[in-house]
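Here is a quick tour of a few spots worth a look. Have the model open alongside as you read.

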Amino acid sequence: MAGAKNHDYHILPPDIWPLIGSISALTFTSGMVLYMHDMPNHWLVLGLGVAGLIATFFSWFSNIVKEAQAGDHTPVVQLHLRYGMILFIASEVMFFVGWFWSWFDFALFPSELSEVVGGQFPPKAIEAVMNPFDLPLLNTLILLCSGTTVTWAHHCLIHGDRDGLKKGLWLTIALGVLFTSIQAYEYANAPFGFGGNTYGSAFYMATGFHGFHVLVGTIFLIVCLVRTYKGHFTPEQHFGFEAAAWYWHFVDVVWLFLFVVVYVWGGWGAPIHG
């Protein structure tokens with residue numbers, strides 16, 4: 001019959017949100033540039049960009065959820081969604097490789113920056129570094145525990161245990177919020193600032209972007225929890241949760257590298273704060 005669907009692929013209908021998202025991203029970056037140059041009305045431009053991005057995320061992702069509930073995510077479509085998520089995580093890995101690269105460059109070759117850091121790392125301007133076996137170690141244990149709880153939730157989902165799925169998600173979200181709270185407290189009481197030297201800049205960029213990823217992952221899991229209470233996800237079709245779990249494990253692994261490289265090795269031999 002003409003017009004009948006005789007394949008397993010999902011053909012997307014025309015949608016306005018990619019265009020709105022592109023315009024919002026341009027508005028947001030323009031607002032950031034205006035903000036950095038302290039130009040007038042930068043908050044208006046920045047606010048419009050942020051509002052547009054939030055609206056795009058909410059509406060676009062809502063459309064994807066509706067597709068999943070309508071049965072459009074066939075096994076072939078789910079496979080390709082997994083490929084997309086794998087490539088996205090790979091791009092995020094390379095993003096953090098850049099920060100690790102800069103950290104190792106500053107730490108291993110401080111003599112090339114002798115005028116700035118005094119030929120040593122951490123630089124002479126850093127009077128003390130954070131104790132890696134205090135709050136950073138606690139946050140490491142928190143993230144490792146959260147990795148086990150999200151795996152438990154996934155296991156419960158596969159075996160049809162909806163109650164266990166909810167409990168696992170609640171625990172993972174709570175641990176994510178606790179991690180973010182502790183990191184905020186750590187930043188507020190840090191013995192060094194963001195600018196002025198390579199150590200502070202590289203430290204806050206690497207750990208700060210990781211903290212942002214934890215925040216995004218927590219929101220990701222909250223959406224999964226809401227969908228769980230709405231009756232979404234089945235043992236056979238739950239890519240939305242699977243993607244969130246993959247992302248969360250990626251966040252866990254990156255933190256392990258940050259803890260060892262930045263907190264333990266990066267501050268080795270320097271005075272400990274507190």
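Predicted model: local features only at pLDDT ≥ 70, side-chain atom pairs only at ≥ 80, totals over all residues.

Residues are numbered from 1 along each chain as its sequence is written, and side-chain values use heavy atoms, with hydrogens and water left out.

Let's start with Glu 67, which sits in helix 2 (residues 42-69); helices are DSSP runs of H or I, at least four residues, numbered from the N terminus. Glu 67 is buried but has no salt bridge, and Lys 66, the nearest side chain of opposite charge, is 9.9 Å away. Buried means under 20% relative accessible area, exposed over 50%, and partly exposed in between, with a 1.4 Å probe and protein chains only. A salt bridge needs a side-chain nitrogen of Lys or Arg within 4 Å of a carboxyl oxygen of Asp or Glu. Setting aside neighbours within four places in sequence, Glu 67 is in contact (heavy atoms within 4.5 Å) with His 10, Leu 12, Asp 72 and His 73.

On to the sulfurs: the whole structure has zero disulfides, a disulfide being a pair of cysteine sulfur atoms within 2.5 Å.

| Residue | Relative accessibility | Class |
|---|---|---|
| Cys 156 | 4% | buried |
| Cys 224 | 2% | buried |
| Ile 219 | 48% | partly exposed |

Ile 219 belongs to helix 7 (residues 198-229).

Note on methods: Helix = DSSP H or I, 4+ residues; strand = E, 2+ residues; numbered from the N terminus. Lys, Arg positive; Asp, Glu negative; His and termini not counted.
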